[in-house]
Amino acid sequence: MNKKLRSFNSPTFLAYALIAPAAIYILLIVAWPVLETIRLSFTNSSLAGEDYVGFENYEKMLSSKKFNKIVTRTFVWMFFSVSLKLLIGLIGAILLNANLRGRSMFRVLIMPPWVVPIAIGMLGWLWLYNGYFGIIAGIGMHTGILEGPYGFLAYKQSAFISTVISDVWVGTPMVTVFFLAAMQGVPKDLYEAAYCDGASRWDRFFKITLPQITPVIITMSILSAIWTFNSFEIIWILTEGGPRGATTTLIIDTYKQALGNYKFGRGAARAVVVMVLLTLFAGFYLALLARINKKISHG
Amino acid sequence: MNKYKIHEKIFLYFSITVFLIFILLPFVEMFYASLRPLDHLFRSPYQFFSDDLSFWAYREMWNTVPMLPRYIFNSFFLATTTSIITLLFVIPAAYSYARFSFPFKNTSLYVLLAINMFSGAVLLIPLYKVLRTFGLLNTYQAMIVPGVAFLIPTAIWLLKSYFEKIPVDLEEAAFVDGASRVQILRHIIAPLSTPGLVVVGIYAFIGAYAQQFLFAITFNQKKEFMPIPSGLYEFIGYTTVKWNEMMAASLVGIAPVLIVFLFLQKYIVEGLTSGAVKN
């Protein structure tokens with residue numbers, strides 16, 4: 001390679017100059033707010049002003065029974081939502097991977113929940129969950145499962161389940177598409193060899209497909225854990241965290257404290273907890289990615 | 001080798017139908033509700049059928065919420081502006097990541113991935129303060145500025161993988177022949193990367209269209225700047241909710257993204273998954 005070409009391919013200054021606008025933008029709109037949130041969490045900031053209060057927000061928060069309940073609830077909510085997304089996504093991908101007529105149409109038909117703004121999709125779910133006029137209650141009443149009108153979002157347990165279902169609805173298409181892409185990436189000759197050896201369909205799935213797509217399954221479980229953890233609009237629109245706090249997750253609680261009550265300090269302390277947890281998830285995800293990449297480049 | 005027996009076929013089609021019902025039920029119900037007269041919707045005991053279905057709600061909704069055209073325009077305007085600004089920031093950065101090697105390249109790429117995981121909801125308090133400091137609350141910018149920031153990371157990753165597919169030899173040859181970097185950009189990179197730019201632009205548009213709600217309810221109180229998701233809540237009146245008109249307006253509101261998506265779904269899905277699956 002001649003000298004001119006080498007300078008063409010590694011101009012550090014130019015490289016940084018091209019990245020600078022995006023980097024500065026993100027520093028200003030994401031990184032600085034992160035630091036500011038940490039600072040605010042040590043103050044009693046509100047619309048009236050702010051004073052340094054040390055760890056008071058954290059002490060109050062961590063010693064409150066309500067907050068501990070919210071953390072537990074967040075993880076239970078996440079557990080159900082993520083496992084359902086993965087399970088339904090996997091089944092969906094298997095179905096859409098089957099060599100059937102019309103499958104390319106089916107693949108398009110599963111995408112709307114992902115593409116449509118969540119805020120609008122949730123209006124549809126609000127109507128479905130309506131106790132008097134929604135079709136779910138309607139079917140329930142006609143079949144006799146429900147004795148009378150039943151507002152699914154009005155009772156603690158059913159509201160919790162309903163928000164999980166709607167969250168699964170939003171998240172499943174993405175998971176399905178990624179699983180499907182992974183399944184299509186499995187080398188065909190593996191299947192042909194197994195077929196010649198007389199392996200059944202189940203064997204081929206459990207001994208070839210599943211191990212081959214495991215990296216993607218792991219990646220998707222962490223990614224959807226992060227997305228589910230961040231899920232705000234779904235719960236906010238359906239229940240605003242109610243009834244009586246039954247669907248209040250960490251994100252909802254943070255929002256309520258900060259922008260509902262204008263207690264910026266307390267809200268910030270919650271936001272810091274959220275960020276710490278997110279950083280843990282993210283670290284886990286990145287470490288895993290690095291390991292998978294290493295495996296691929298060595299294997 | 002993969003011929004299904006008839007009972008297997010029936011089972012597969014049946015399962016796919018169940019899956020699709022779960023996915024499409026809200027939309028079907030939204031559409032059905034939009035066709036029914038309001039008093040049919042509010043009948044007790046519950047009735048599945050109405051005899052006089054009509055598109056009446058699609059006409060009446062413009063009277064109930066007179067600002068509706070404005071909200072639809074706002075949604076479009078916000079999403080378009082947000083995605084164009086995102087592209088302006090992302091194109092040079094993605095090019096740099098695709099072509100050059102420099103210190104902290106991988107670290108900063110992973111930092112971008114990590115940023116992706118912070119949702120806007122966590123950072124609302126300081127963002128509120130930033131926007132207030134710059135006097136941007138209750139303006140279009142209040143929704144555009146944070147919107148761009150949360151689209152940049154993924155957009156860089158996506159576009160980087162497109163740029164990487166353009167053979168570097170082409171650029172090197174032109175460079176050796178004495179072409180300037182600007183000329184290379186204009187005559188080689190730009191034409192070859194148009195499909196990639198379109199996909200990333202569409203991705204940004206769909207993302208921007210979807211994320212408006214959170215920023216709109218938090219940073220904007222002015223009706224004239226509201227995007228459609230927040231405008232839809234005007235159908236919820238003091239005494240009754242005009243469900244049929246709200247559903248009609250919702251469907252009109254999601255039509256643009258759905259149409260854009262239908263035409264380009266193949267490229268978008270390919271673009272998004274190829275990065276993640278290979279990673």
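Residues are numbered from 1 along each chain as its sequence is written, while chains are lettered from A and ligands numbered from 1 in the order in which they are written. Because the model is predicted, local features need pLDDT of at least 70 and side-chain atom pairs count only at pLDDT 80 or more, whereas totals for chains, interfaces and linings use all residues.

**Confidence**

The model scores ipTM 0.84 and pTM 0.86. Where pLDDT is low, the predicted coordinates should not be read in detail.

**The contact between the chains**

Two residues are taken to be in contact if their C-beta atoms, placed from the backbone, lie within 7 Å. Chain B contributes 79 residues to the contact and chain A contributes 85 residues. On the side of chain B that touches chain A, the elements giving two or more residues include α1 (6-35), α4, α7 (141-165), α9 (181-219) and α11 (243-278) of chain B; helices here are DSSP runs (H or I, at least four residues), as strands are (E, at least two), numbered from the N terminus. The most is given by α11(B), with 15 residues. By class, this side of chain B has 64 nonpolar, twelve polar and three charged residues. In this scheme Ala, Val, Leu, Ile, Met, Phe, Trp, Tyr, Cys and Pro count as nonpolar, Asp, Glu, Lys and Arg as charged, and the others, Gly among them, as polar.

**Helix packing**

Two packed helices are described by the angle between their axes and the distance between the axes. Axes are lines fitted to C-alpha atoms, for helices over the stretch in contact, and angles run from 0 to 180 degrees between N-to-C directions.

| Helix pair | Angle between axes | Distance between axes |
|---|---|---|
| α2(A) and α4(B) | about 135 degrees | 8 Å |
| α4(B) and α9(B) | about 135 degrees | 8 Å |
| α2(A) and α7(B) | roughly 130 degrees | within 10 Å |

Angles under 35 degrees count as roughly parallel, over 145 as roughly antiparallel, 65 to 115 as roughly perpendicular and the rest as oblique. The crossing of α2(A) past α4(B) is left-handed, a term used if the near helix is turned anticlockwise from the far one by less than a right angle, with right-handed used if clockwise. Among the residues that meet here are A:L18, A:I19 and A:Y25 in α2(A) and B:F89, B:V90 and B:Y95 in α4(B). By class, this contact has eleven nonpolar, one polar and no charged residues.

The axes of α2(A) and α7(B) cross at roughly 130 degrees, which makes α2(A) oblique to α7(B). This crossing is left-handed. A:A22, A:Y25, A:I26, A:I29 and A:V30 in α2(A) meet B:V145, B:P146, B:A149, B:I152 and B:I156 in α7(B). That contact has ten nonpolar, no polar and no charged residues.

Within chain B, α4(B) packs on α9(B) at about 135 degrees, which makes α4(B) oblique to α9(B). Their crossing is right-handed. Residues that meet include B:L78, B:T82 and B:L87 in α4(B) and B:L197, B:F205 and B:Y209 in α9(B). By class, the contact has ten nonpolar, seven polar and no charged residues.

**Individual residues**

A residue is buried if 20 or more other C-beta atoms lie within 10 Å of its own, exposed if 12 or fewer, and partly exposed in between, with C-beta atoms placed from the backbone. B:A94 lies in helix α4 (residues 68-99) of chain B and is buried, because 29 other C-beta atoms lie within 10 Å. B:A94 touches B:I156, B:L159, B:K160 and B:F163, not counting residues up to four places away in sequence.

A:M122, in helix α7 (residues 118-129) of chain A, counts as buried with 26 C-beta neighbours inside 10 Å. Leaving aside neighbours within four places in sequence, A:M122 is in contact with A:S166, A:E233, A:I234, A:I237 and A:L238.

Most residues other than glycine have a negative phi. A:R244, however, has a positive phi of about 45 degrees; A:R244 is in the loop between α12 (233-238) and α13 (250-260) of chain A and is exposed, with 10 other C-beta atoms within 10 Å. B:F104 has a positive phi of about 65 degrees and is placed in the loop between α4 and α5 of chain B. B:F104 is exposed, with 10 other C-beta atoms within 10 Å.
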